[in-house]
Amino acid sequence: MTPSILNATKWTVDDYHRMIEAGILSDRQVELLNGVIVDMSPEGIDHADLSDEAAQYLRGLLGNRAKVREAKPITLTNRSEPEPDLCICQNIRYSSHHPYPEDIFWVIEYSDSSLKKDLEVKSTIYAVADIPEYWVVNLKTRELIVFRDPQPEGYTTQMTYTSETISPLAFPDVAIAVNRLLNG
């Protein structure tokens, strides 16, 4: 008899942290999404290069107004602790906890093989956590997909950019060149 996925154990953030501290997950690249420990796709060269360039670019634009964290965990609920490529958050030290939703201005994912997960699963997780906006850089089509207006069922606004500039909701005076995010 095959066990039903409906009866699967859902892990909490505390469970997940205990596993990390015990070294159980030390040889795996994973993140906690909706209570499930999910393997993370390895970064390709394009993904690594562009997300690194974007982080440097955003740091230059935002200065001390925000912190740009690269590939670090954020704690959203008792059941999700994703590791977005970039998290733009309050410019404070996170020495006792990862950023919480109220600390986060927006998150950015660079997506190639993880595109379906980023557009469907993570967008809902971020919306439910009330992250004001979520940006996905589609590396296959060289498009920036911007999600805004979070609701419990997901984001209600989705826009796609291939050029122009965009201003994040938290910093309407900052103009970000979309081309710099897409092509470095």
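Me: Where does Ile-145 sit?
Reply: Ile-145 belongs to strand β7, which covers residues 143–151. Strands (E, at least two residues) and helices (H or I, at least four) are DSSP runs, numbered from the N terminus. This is a predicted model, in which local features need pLDDT of at least 70 and side-chain atom pairs count only at pLDDT 80 or more, while totals for chains, interfaces and linings use all residues. Residues are numbered from 1 along each chain as its sequence is written, and side-chain values use heavy atoms, with hydrogens and water left out.

Me: Is Ile-145 buried or exposed?
Reply: Ile-145 counts as buried because its relative accessibility is 6%. Buried means under 20% relative accessible area, exposed means over 50%, and partly exposed lies in between (1.4 Å probe, protein chains only).

Me: And what does Ile-145 touch?
Reply: Leaving out residues up to four places away in sequence, Ile-145 touches several residues, including Leu-119, Tyr-134, Trp-135 and Met-159. Contact here means heavy atoms within 4.5 Å.

Me: How many residues are in the largest nonpolar core?
Reply: That core has 27 residues, and Ile-88, Trp-106 and Leu-144 have the most contacts inside it. A nonpolar core is a set of buried Ala, Val, Leu, Ile, Met, Phe, Trp, Tyr and Cys residues joined through side-chain atoms within 4.5 Å.

Me: Which elements give two or more residues to this core?
Reply: They are α2 (45–62), β4, β5 (104–111), β6 (133–138), β7 and α4 (178–183). The largest share, six residues, comes from α2. Another core, of 19 residues, lies apart from this one, and Leu-33, Cys-89, Val-107 and Tyr-126 are among its members.

Me: New topic: where is Ser-80?
Reply: Ser-80 is in the loop between β3 (67–70) and β4 (86–89). With a relative accessible area of 1%, Ser-80 is buried.

Me: What does the side chain of Ser-80 reach?
Reply: The Ser-80 side chain reaches the backbone nitrogen of Asn-34 at 2.8 Å. Beyond its neighbours within four places in sequence, Ser-80 is in contact with residues including Val-13, Leu-32, Asn-34 and Ile-125.

Me: What about Pro-84, where is that found?
Reply: Pro-84 is found in the loop between β3 and β4. Pro-84 counts as buried because its relative accessibility is 1%.

Me: Which residues is Pro-84 in contact with?
Reply: Setting aside neighbours within four places in sequence, Pro-84 is in contact with Ala-71, Lys-72, Ile-74, Val-107, Ile-108, Glu-109 and Tyr-126. The C-alpha atoms of Pro-84 and Asp-118 are separated by 9.5 Å, although these residues are 34 residues apart along the chain.

Terms used
Polar contact = N/O pair within 3.5 Å; in protein donor to acceptor, adjacent residues only side chain to side chain.
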